[in-house]
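Let's take a walk through a protein model together, one piece at a time. Keep the picture and the sequence side by side as you read.

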Amino acid sequence: MEAILSARNLDLYYGQTQALKGVSIDIPAREVTALIGPSGCGKSTFLKTLDRMNDLVPGVTITGSVQYRGKEIYAPDVDVTWLRKQIGMVFQKPNPFPMSIYDNIAYGPRTHGIRNKAKLDEIVERSLRGAAIWDEVKDRLKKSALGLSGGQQQRICIARALAVEPDILLMDEATSALDPISTSKIEDLIADLKNSYTIVIVTHNMQQATRISDKCAFFLLGELIEYGDTSQLFSVPKDKRTEDYITGRFG
Ligand SMILES: Nc1ncnc2c1ncn2[C@@H]1O[C@H](COP(=O)(O)OP(=O)(O)OP(=O)(O)O)[C@@H](O)[C@H]1O
């Protein structure tokens, strides 16, 4: 297995409160890894450590190691802008910028210095196609992204993430605010995207984890309890606590 992201003995404290306890994990390239576990167990915190989003939170202390393609992402010489270009994030609530669909997608490439109109047009079309929303928006690219439905807005956010050609996509409960049809479209999209990208998702929905993930990691109270192939984790969990969680005995 080629690990694209590896955490070792990762501890994270918010002030005095320990939210991650000695997490060690190898996340494979071009697969979907799902992080599951009850509310407050540290799933989002762990996801955010992977592109250093916790750095912005005052009072956070992080020890241990996270490597992206063998490079320590917490090393002092790491350019966080570069890191976040490699590792994109899609949030729970669709958050398109208050601007046109076109400008939403062109935003990232423009900040990275691309000005050429033909080049931007190409990136916008490729990204919207990649996020399976081109046909729905191609005739209204100059209209505000805020006029789209929630499910469409979320695909715009995925397209915006794809526009800077990331290596990895992190998704924090990216479908929990969406209706079942939009959810199913995004799940289909994730299945397509894993041919080209590594995807790590946080989900509360265990059916979703079984439908779309290859690997699954179960967290409890900041600890990684069990990690393995999704089919195995859900059919023959190794740890009693995993079994209790997936059978609905708690959480
Ligand atoms: N910015 C913060 N400051 C202080 N404590 C925080 C902060 N963010 C999260 N926590 C705490 O860290 C722990 C883990 O939270 P986290 O959001 O990572 O859990 P989660 O598993 O993603 O939960 P949920 O499923 O409810 O989103 C919780 O106890 C939470 O209260």
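Start with an open sheet of 4 strands, in the order β2-β1-β4-β5, where the pairing is antiparallel. Strands in a sheet pair through backbone hydrogen bonds, and they do so either parallel or antiparallel. Here, two strands count as paired if DSSP finds at least two bridges between them. The names come from DSSP runs too: helices are H or I runs of at least four residues, strands are E runs of at least two, and both are numbered from the N terminus. At the edges of this sheet stand β2 and β5 (71-72); each has a single partner strand, so one side of each is left without a neighbour in the sheet. Look next at β1 (residues 3-14), which runs antiparallel to β2 and is joined to it by 8 bridges.

Residues are numbered from 1 along each chain as its sequence is written. The model is predicted, so local features need a pLDDT of at least 70 and side-chain atom pairs count only at pLDDT 80 or more, while totals for chains, interfaces and linings use all residues.

Strand β3 (residues 32-36) and strand β9 (residues 215-220) run parallel and are joined by 4 bridges. In β9, A34 has C216 as its bridge partner, and T33 has K215. β9 also pairs with β10, this time in the antiparallel sense, over 6 bridges. There, F219 finds its bridge partner L224 in β10. β9 and β10 form a hairpin with 2 residues between them. In that loop lies L221, which has a positive phi of about 50° although it is not a glycine.

Is β9 buried or exposed? A residue is called buried if 20 or more other C-beta atoms lie within 10 Å of its own, exposed if 12 or fewer, and partly exposed in between, with C-beta atoms placed from the backbone. In β9, 6 of the 6 residues are buried, so the strand is largely enclosed by the rest of the structure. Both faces are covered: K215, A217 and F219 are buried on one side, and C216, F218 and L220 on the other. F218 is buried because 26 other C-beta atoms lie within 10 Å. Not counting residues up to four places away in sequence, F218 touches I36, G37, I225, E226, L233, T242 and Y245; contact here means C-beta atoms, placed from the backbone, within 7 Å. By comparison, L221 is partly exposed, with 14 other C-beta atoms within 10 Å.

A second residue with a positive phi is A132, which is not a glycine and has a value near 55°. You will find A132 in the loop between α4 (117-130) and α5 (134-137). With 17 C-beta neighbours inside 10 Å, A132 counts as partly exposed.

Next comes the nonpolar core, a set of buried Ala, Val, Leu, Ile, Met, Phe, Trp, Tyr and Cys residues joined through C-beta atoms within 7 Å. The largest one has 67 residues, and those with the most contacts inside it are L35, A159, L169, L170, I199 and V200. Helix α6 (residues 150-162) gives the largest share of this core, 6 residues. Leaving aside neighbours within four places in sequence, L169 is in contact with G88, V90, A161, L193, Y197 and I199.

Finally, which residues are around the ligand? They are Y14, T17, A19, G37, S39, G40, C41, G42, K43, S44, T45 and V57, where a residue counts as near if its C-beta atom, placed from the backbone, lies within 6 Å. β2 (17-28) and α1 (43-49) are the elements that give two or more residues to this shell, and α1 gives the most, with 3 residues.

Technical notes. Two residues are in contact if their C-beta atoms, placed from the backbone, lie within 7 Å.
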